Amino acid sequence: MHDLVVVGAGPYGLSIAAHAAAAGLDVRILGRPMASWRDHMPAGMFLKSEPGASNLSDPAGEDTLTAYCAGRGLAAEHGGALPIDTFTGYGLWFAGRLPVEVEEREVIGVVPERDGFSVTAGDGRPPLRTRTVAMAVGVLPFACRPGALRGLPTALASHSSDHRDLSRFHGTDVAVVGAGQAALETAALLAEAGARPTVVARAGALRWNAPPRPLGRRSLAALTAPHSALGTGWPSWVWSELPWAVRHLPAAMRVHIAQTALGPAGAWWLRERFEAAVPVLLGHRLLRAAPAPGGGVRIEVATAEGDGGLDVLETGHVIAATGFVPDLRRLTMLDPALREGIATVRGTRAPALGAGFESSSPGLFFAGLPAAPTFGPAMRFVHGATFTAERLVRGVRRRLRSTPCAVAGARAGRGMVPRPGGVRRTLPGRPGQPVRR
């Protein structure tokens with residue numbers, strides 16, 4: 001019986017595993033490392049967040065993005081755009097330095113048992129039995145597709161997260177639905193790949209983030225508009241630095257913050273590339289879409305003001321860059337009775353979580369996007385992994401202490417760390433510190 005199984009090996013899952021191993025827990029982590037970044041983001045994309053806000057979390061604070069880049073002659077500087085491939089390489093490097101093996105196995109079943117859970121992967125091997133589970137599945141299960149597109153075949157309509165290679169659209173008219181960074185950068189990359197994109201957005205105008213302010217500023221400027229991992233200004237600072245405080249706000253306020261704070265906007269470094277290459281249809285919302293008689297897609301869009309205006313467009317393909325919405329119903333690997341019994345944040349289908357990220361189902365924890373309606377918008381970004389990993393592992397340890405015969409520290413030993421193959425190594429004089437391979 002394991003102490004913890006982490007489902008997912010993206011930034012949150014890897015960070016949780018690092019902290020759990022350092023705490024002496026018997027932990028297993030299942031998933032393809034950095035899968036969404038490696039497989040579902042177009043080549044040529046850049047990270048929107050600042051490099052300093054893009055660290056995964058290990059207890060010693062040593063395995064930073066800066067440390068990875070410094071040893072490879074790469075730049076990770078404030079105000080500079082970081083290529084997705086560099087960030088992916090960093091995540092894989094971090095995974096390789098964990099004191100536990102990342103098992104590239106797809107979880108297809110999480111079933112509650114009397115004293116924990118049974119976790120089944122799709123490779124036919126026996127299920128893992130564990131006292132606690134951390135669901136760190138990333139954003140891909142929660143891709144939001146407009147209702148008008150759901151009946152179309154994938155050859156005609158897709159989500160922005162479906163594409164690693166946009167060259168297949170060379171010479172094709174493509175409508176990109178959305179007004180955020182994913183929509184704007186996808187459209188720019190399409191144009192650069194030889195496609196003919198058009199952005200269709202409900203917004204009346206596109207928003208562009210300003211270049212980040214210098215880190216070294218006069219004290220008055222820093223006081224009136226503090227810098228944080230999620231941007232400049234007091235609201236961004238609160239979302240970035242005080243997720244625990246957000247949790248104590250009324251549910252309706254938390255949901256509103258999670259849905260609206262740090263809303264759709266393009267990165268400052270993208271604007272010139274985009275405006276030079278991509279036409280935009282603003283103030284329009286998608287009504288209907290159907291296969292066009294001559295091939296491609298026929299879409300109807302109405303003016304967002306509802307004045308009766310209607311436009312009909314024909315295009316070869318539609319890409320919905322319409323974000324991700326946490327919804328427990330999408331987590332089909334969870335046992336149906338377990339999934340339906342989890343308490344949710346009022347007004348959402350996201351799990352209601354305690355201070356340690358534990359759901360109403362004892363021993364079942366959630367990290368990343370599903371935690372946003374509880375802890376705020378930081379959970380939508382890599383930056384939230386540090387807060388999450390520390391608090392979630394603390395919550396797991398509390399749960400283990402409250403479970404009979406589940407005191408992990410007594411079994412693992414002070415300063416003991418799980419290693420691949422079940423071998424443990426002791427760190428003399430440094431309890432709980434992870435061992436590096």
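Reader: Is C69 buried or exposed?

Author: Burial is read from relative accessible area: buried is under 20%, exposed is over 50%, and partly exposed is in between, with a 1.4 Å probe and protein chains only. C69 has a relative accessible area of 1%, so C69 is buried. C144, with 23%, is partly exposed. Before going on, note that this is a predicted model, in which local features need pLDDT of at least 70 and side-chain atom pairs count only at pLDDT 80 or more, while totals for chains, interfaces and linings use all residues. Residues are numbered from 1 along each chain as its sequence is written, and side-chain values use heavy atoms, with hydrogens and water left out.

Reader: How many disulfides are there?

Author: A disulfide is a pair of cysteine sulfur atoms within 2.5 Å. By this rule the count is 0.

Reader: What is the average pLDDT of the protein, and over which residues does pLDDT stay under 50?

Author: pLDDT is the predictor's confidence in each residue, from 0 to 100. The protein averages 88, and 89% of the residues score at least 70. Residues 406-437 stay under 50 throughout. Where pLDDT is low, the predicted coordinates should not be read in detail. The model has 75 contacts beyond four places in sequence for residues 406-437, a contact being heavy atoms within 4.5 Å.

Reader: What is the strand order in the open sheet of 5 strands?

Author: Strands of a sheet pair through backbone hydrogen bonds, either parallel or antiparallel. Here strands (E, at least two residues) and helices (H or I, at least four residues) are DSSP runs, numbered from the N terminus. Two strands pair if DSSP finds at least two bridges between them. The order in this open sheet is β9-β18-β10-β11-β14, and the pairing is parallel. At the edges are β9 (157-159) and β14 (280-281), each pairing on one side only.

Reader: How many bridges join β11 to β14, and what is the bridge partner of V199?

Author: Strand β11 (residues 196-200) runs parallel to β14 and is joined to it by 2 bridges. V199 has V280 in β14 as its bridge partner.

Reader: Which residues have the most contacts inside the largest nonpolar core?

Author: A nonpolar core is a set of buried Ala, Val, Leu, Ile, Met, Phe, Trp, Tyr and Cys residues joined through side-chain atoms within 4.5 Å. The largest core has 100 residues, and L14 and M135 have the most contacts inside it. Another core, of 14 residues, lies apart from the largest one and includes L156, V200, A289 and V297. Not counting residues up to four places away in sequence, M135 touches V7, V110, M333, L334, L364, F365, F366 and A367.

Reader: Where is L156 found, and what is it in contact with?

Author: L156 is in the loop between β8 (128-135) and β9. With a relative accessibility of 14%, L156 counts as buried. Leaving aside neighbours within four places in sequence, its contacts are P291, G296, V297, G316, H317 and V318. L156 and A290 lie 134 residues apart in sequence, yet their C-alpha atoms are 9.1 Å apart in space.

Reader: How many aromatic pairs are there?

Author: Rings of Phe, Tyr and Trp (its six-membered ring) pair if their centres lie within 6.5 Å; planes under 30 degrees apart count as stacked, over 60 as edge-to-face and the rest as tilted. By this rule there are 12 aromatic pairs. One of them is Y90 with F94, edge-to-face at 6.4 Å centre to centre and 75 degrees between the planes. Both residues lie in helix α4 (residues 84-96), and because they are 4 residues apart, they are separated by about one helical turn. Y90 is buried at 0% relative accessible area, and F94 is buried at 1%. A further pair is F375 with F387: the ring centres are 5.7 Å apart and the planes are at 65 degrees, so this pair is edge-to-face. F375 is in helix α12 (residues 372-375) and F387 in helix α13 (residues 384-402), so the pair ties together parts 12 residues apart in sequence.

Reader: Which residues form one aromatic cluster with Y90 and F94?

Author: The cluster consists of W37, Y68, F87, Y90, W93 and F94.

Reader: Is Q259 buried or exposed?

Author: Q259, in helix α9 (residues 251-260), is exposed, with a relative accessible area of 59%. The C-alpha atoms of Q259 and P377 are separated by 7.9 Å, although the two residues are 118 apart along the chain.
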